[in-house]
Amino acid sequence: DSDRPQDIDWRQSAKNDHVFIKQREWQATQKTYLWCARGQSMNFASINNLKTKQETAQILTLALALLLIKGEENIGIFGNQKTGRSHNRIEDIAHALITDAHIDYTLPDHQSFHLPQNSGFIAVGDFLCPIEEIERNFADIATRTKNVAIIQILDPYELDLEYKGRIQFNGLSAAQNILINNTGSIRAEYNARMQNHIQSLQNLVHGYGWSYHLHQS
């Protein structure tokens with residue numbers, strides 16, 4: 001089953017130099033790097049009063065950075081070797097989360113940045129790209145560290161296709177736009193495919209001995 005961010009023992013974590021998740025300790029490391037996805041697929045919210053997945057991911061990433069610093073962990077942002085535990089480091093991470101908004105990062109770019117061996121790594125994103133791409137990406141990360149947490153951010157309507165009637169679904173390009181006259185007619189098939197993707201991601205993550213968490217935006 002999925003481990004959820006709300007299952008983290010935040011009070012216990014803040015008092016110690018570990019993050020406690022469902023009675024499993026986030027092993028203390030010298031350095032922990034955070035990565036947050038960005039791009040068109042993240043800029044989605046099904047209804048007006050919901051935060052986009054991007055906003056949720058940024059808030060969660062920054063909250064985790066603050067928690068890790070409370071635990072006296074040296075933290076950094078994926079892509080930059082520099083780590084620390086000062087307020088300046090938090091400001092640097094916050095700045096990195098809101099810059100280069102026009103660039104898509106659907107998966108960590110392991111070709112341009114190699115995690116230091118045995119460092120901690122927390123990745124936050126929707127992870128909706130093909131599972132084969134995720135497998136190739138994670139295989140490289142697994143050669144660098146075993147101390148990894150994957151947090152998948154999904155909108156409630158992505159988890160359960162709650163739309164009704166005739167709906168125009170817009171893809172990441174005009175060629176991917178599709179008009180569905182009766183959304184209810186495809187709900188069962190959609191939900192099955194989404195659950196299969198989530199389960200495949202969980203299996204992949206747990207196969208490496210990493211932690212997986214599903215969070216609704």
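F78 is buried, with a relative accessible area of 13%; buried here means under 20% relative accessible area, exposed means over 50%, and partly exposed lies in between, with a 1.4 Å probe and protein chains only. Before I continue, please note that this is a predicted model, in which local features need pLDDT of at least 70 and side-chain atom pairs count only at pLDDT 80 or more, while totals for chains, interfaces and linings use all residues. Residues are numbered from 1 along each chain as its sequence is written, and side-chain values use heavy atoms, with hydrogens and water left out.

A pair of aromatic rings is described by the distance of the centres and the angle of the planes. The rings considered are those of Phe, Tyr and Trp (its six-membered ring), and they pair if their centres lie within 6.5 Å; planes under 30 degrees apart count as stacked, over 60 as edge-to-face and the rest as tilted. Seven aromatic pairs are present in the structure. In one of them, F78 and F113 have ring centres 4.8 Å apart and planes at 75°, so this pair is edge-to-face. F78 sits in the loop between strand 4 (74-77) and helix 3, and F113 in the loop between helix 3 and strand 5 (120-125), so the pair ties together parts that are 35 residues apart in sequence. Helices (H or I, at least four residues) and strands (E, at least two) are DSSP runs, numbered from the N terminus. F113 is buried as well, with a relative accessible area of 6%.

There is also one aromatic cluster, formed by W35, F127, F138, Y208 and W210. Its member F127 lies in the loop between strand 5 and helix 4 and, at 1% relative accessibility, counts as buried. F127 has a positive phi of about 50° although it is not a glycine.

I move now to the second largest pocket. Which residues lie nearest its centre? They are R38, I77, F78, G79 and Y105, out of 19 lining residues. Strand 3 (31-36) and helix 3 (87-98) are the elements that give two or more residues to this lining, and the largest share, five residues, comes from helix 3. The volume of the pocket is about 370 Å³. On a 1 Å grid over the protein atoms alone, a pocket is an open set of points with protein on both sides within 12 Å along at least five of seven lines, a 1.4 Å probe being used to find cavities, where it fits but cannot get out; lining residues have an atom within 4 Å of a point. Grid points are joined across faces, edges and corners, and the volume is the space filled by probe spheres set on the points. By class, the lining has 10 nonpolar, four polar and five charged residues. Ala, Val, Leu, Ile, Met, Phe, Trp, Tyr, Cys and Pro count as nonpolar, Asp, Glu, Lys and Arg as charged, and the others, Gly among them, as polar.

Y105 also has a contact to report: G39 and Y105 are 66 residues apart in sequence and 6.2 Å apart in space, C-alpha to C-alpha. G39 belongs to the loop between strand 3 and helix 2 (53-70) and is buried, with a relative accessible area of 5%.

Which residues of helix 3 are buried? These are R89, I90, I93 and L97. Seen down the axis, they fall within an arc of 100°, so they line one face of helix 3; the arc is that of the directions from the helix axis to the C-beta atoms. On the other side of helix 3, H87, N88, E91, H95 and I98 are exposed.

Helix 4 (residues 131-144) has 14 residues and reaches 20 Å from its first C-alpha to its last, close to the 20 Å expected. Its buried residues are I131, I134, N137, F138 and I141. They cover an arc of only 120° around the axis, which puts them on the same side of helix 4. The face turned away from that buried side carries the exposed residues R136 and T143.

Finally, helix 2 has 18 residues and reaches 26 Å between its first and last C-alpha, close to the 26 Å expected. Its buried residues include Q54, L60, L64 and L68. Helix 2 is followed by E72, whose phi is positive, near 60°. E72 lies in the loop between helix 2 and strand 4 and, at 58% relative accessibility, counts as exposed.

Note on methods. Expected span 1.5 Å × (residues − 1).
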